[in-house]
Amino acid sequence: MAHAFTYGSLMWADIMGRVCGRAFSALPASLADHARHPVQGQDYPGMRPQAGASVQGRLYLDLDEAALARLDAFEGEEYQRSEVRVQLPDGRSLLAWTYLYKPEFSARLGAGDWDEAGFAREGKARFEARYVGFDQLGER
């Protein structure tokens with residue numbers, strides 16, 4: 001079993017559940033020395049290392065190999081699964097997988113932070129319409 005730190009569309013439990021094939025428990029968490037940016041022309045973000053920055057997200061607990069395989073397929077070629085240490089509000093830190101935006105695609109990242117509130121307000125519906133098949137992902 002492994003944990004997964006999410007920082008974009010997968011912070012929404014309904015999207016995460018559809019991608020993984022079932023629901024998982026989640027906690028708020030943060031990741032130090034990383035920054036989240038909008039991906040140009042998309043409703044989702046990409047994240048990369050950046051000293052001094054911090055990203056707020058959700059930590060999903062105890063994912064099995066099938067869920068991780070579905071996440072790998074969903075994230076695609078622009079993202080790389082990487083192990084990171086996240087902080088929980090109670091001060092504990094846990095190891096988790098997350099998906100970093102690959103450096104070779106970094107020109108697609110916009111300036112500033114991804115607009116989480118804008119995603120909730122407008123982008124989520126567009127995202128779900130565009131990725132209607134994400135709940136049909138199978139194991140690789």
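## Packing of H1 against H3

Helices H1 and H3 are roughly parallel to each other, a term for angles under 35 degrees. In this predicted model, local features need pLDDT of at least 70 and side-chain atom pairs count only at pLDDT 80 or more, while totals for chains, interfaces and linings use all residues. Residues are numbered from 1 along each chain as its sequence is written, and side-chain values use heavy atoms, with hydrogens and water left out.

The axes of H1 (residues 13-20) and H3 (residues 116-130) cross at roughly 20° and come within 12 Å; these axes are lines fitted to C-alpha atoms over the stretch in contact, with angles running from 0 to 180 degrees between N-to-C directions. Helices are DSSP runs (H or I, at least four residues) and strands likewise (E, at least two), numbered from the N terminus. Asp14, Ile15 and Arg18 of H1 meet Phe119, Lys124, Phe127 and Glu128 of H3, contact meaning heavy atoms within 4.5 Å. By class, this contact has 3 nonpolar, no polar and 4 charged residues.

## Helix H2

In H2 (residues 65-75), the buried residues are Ala67, Leu68, Ala69, Arg70, Leu71, Phe74 and Glu75, where buried means under 20% relative accessible area with a 1.4 Å probe, protein chains only. Their cover includes S1 (2-6), H1, S3 (45-63), S4 (79-87), S5 (93-101) and H3.

## Nonpolar core

The largest nonpolar core has 37 residues, of which Phe5, Met16, Leu63, Leu71 and Val86 touch the most other members. Such a core joins buried Ala, Val, Leu, Ile, Met, Phe, Trp, Tyr and Cys residues through side-chain atoms within 4.5 Å. S3 gives the most to this core, with 5 residues.

Conventions. Parallel < 35°, antiparallel > 145°, perpendicular 65-115°, else oblique. Nonpolar A, V, L, I, M, F, W, Y, C, P; charged D, E, K, R; others polar. Buried < 20%, exposed > 50% of the residue type's maximum accessible area, 1.4 Å probe, protein only.
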